Amino acid sequence: MVVGVAGYYGFRNAGDEAILEAIARELKARGHEVVALSGDPKRTREDHGLKAYHRLNPLALLRADLWLLGGGGLLQDATSALSLTYYLSVLRLARLFRKRVVVFNQSLGPLSPWGERRVQKALKGVPVILRDQDSLEYARRLGIPAALGADPALLLPPPPVPREEDLVLVIPRAGVREEALTTLYVAANHLVHEGKQVLVLLLQPGYDDEVAEVFRLHRIERTSDPRRLLYLAAQAGYVISMRLHGLILAAAAGTPFAALSYDPKVAAFAKETGAYYQELPGEPIKLYKAALYGRFPDWEKVARLKERARKSFDLALGEGVPIKGSGRG
């Protein structure tokens with residue numbers, strides 16, 4: 001079967017590229033051909049070894065038998081109403097072409113009342129798999145039947161790299177309040193004073209460049225390559241991240257982590273893994289002490305999330321128990 005994947009791909013965001021890498025890897029292992037919609041098809045073909053078509057080419061939807069919409073945080077209008085309009089249009093057009101569509105391992109929200117109504121209408125009759133319990137509860141409140149999965153990037157295998165216990169990855173994000181970046185900066189300074197090696201990772205080069213000035217006294221690396229992120233996460237002794245996939249790839253690598261949550265999806269992942277997290281703007285002393293004293297997530301909960309991620313492919317592909325649409329997790 002040819003399976004298409006539609007999401008925020010081809011925009012040099014390491015987190016979304018990690019999702020695509022994981023989905024393609026799992027689908028290929030199951031014997032399926034994979035195609036993707038991308039903002040930069042040439043880069044996607046080169047980076048992931050997939051057939052890729054421009055995301056604004058509607059005829060590309062004819063290239064697959066099944067379309068997975070996601071994963072990621074696509075069903076929200078906090079960043080822009082235009083983004084939500086695009087993804088719901090992809091869903092509707094694929095269905096118009098009589099293609100099977102599954103909303104796959106997405107977060108749900110934040111949504112305005114206008115966005116909620118649009119999502120409720122668009123998802124009628126569409127199998128929905130959500131990646132976190134908070135999103136599932138939100139779907140219930142909206143009357144949207146859904147099953148519970150998990151982020152596919154949890155399934156990426158870490159490289160066999162020696163761990164450096166004194167290495168701490170600090171992962172900020174542009175577009176947040178200045179006080180939140182100050183929290184990360186102060187926490188990073190305290191870690192350096194305690195003898196830790198701090199590496200500041202910018203996971204969306206271009207977009208995140210504006211925060212580089214805040215961390216100019218620290219070592220900074222820019223990467224949109226999920227393999228590089230996973231390598232560093234496996235190498236590090238601890239990860240402090242605003243970005244969701246800084247946390248997810250740390251979990252995939254078995255590296256302890258803490259979160260500074262700028263978005264409900266970040267808090268949702270921290271809660272589901274039992275990890276330490278703070279809401280913005282955060283408290284730098286408590287945050288750096290979480291790293292200094294090795295405050296761990298619950299690894300049994302992480303293992304259960306990984307199993308949910310595996311089973312979500314069975315659900316989406318019709319290889320396991322079908323999605324009943326009960327809305328119960």
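**Start with a ring**

Select Phe215: at 0% relative accessibility it counts as buried (buried is under 20% relative accessible area, exposed over 50%, partly exposed in between, with a 1.4 Å probe and protein chains only). Before you go on, note that this is a predicted model, where local features need pLDDT of at least 70, side-chain atom pairs count only at pLDDT 80 or more, and totals for chains, interfaces and linings use all residues. Residues are numbered from 1 along each chain as its sequence is written, and side-chain values use heavy atoms, with hydrogens and water left out.

**Ring pairs**

Rings of Phe, Tyr and Trp (its six-membered ring) pair if their centres lie within 6.5 Å; planes under 30 degrees apart are stacked, over 60 edge-to-face, and the rest tilted. That rule gives six aromatic pairs. Pick Tyr86 and Tyr87: their ring centres are 4.9 Å apart and the planes sit at 75°, so this pair is edge-to-face. Both Tyr86 and Tyr87 are buried.

Tyr185 belongs to helix H6 (residues 178–193), while Phe215 is in the loop between strand S10 (197–202) and strand S11 (219–222), so the pair ties together parts that are 30 residues apart in sequence. Helices (H or I, at least four residues) and strands (E, at least two) are DSSP runs, numbered from the N terminus.

For a cluster, select Phe257, Phe269 and Trp299, which form one together.

Then go back to Tyr86 and show Arg55, which lies over the face of that ring at 4.1 Å from its centre. A charge sits over a ring if NZ of Lys or CZ of Arg is within 6 Å of the ring centre and within 35 degrees of the ring normal.

Most residues other than glycine have a negative phi, and most peptide bonds are trans.

Next, Arg98: its phi is near 65°, positive in a non-glycine residue. Arg98 sits in the loop between helix H3 (81–96) and S6. Buried or exposed? Arg98 is exposed, at 79% relative accessible area.

Last stop: Asn105, in strand S6, whose phi is also positive, about 50°, although it is not a glycine. Asn105 is buried, with a relative accessible area of 0%.
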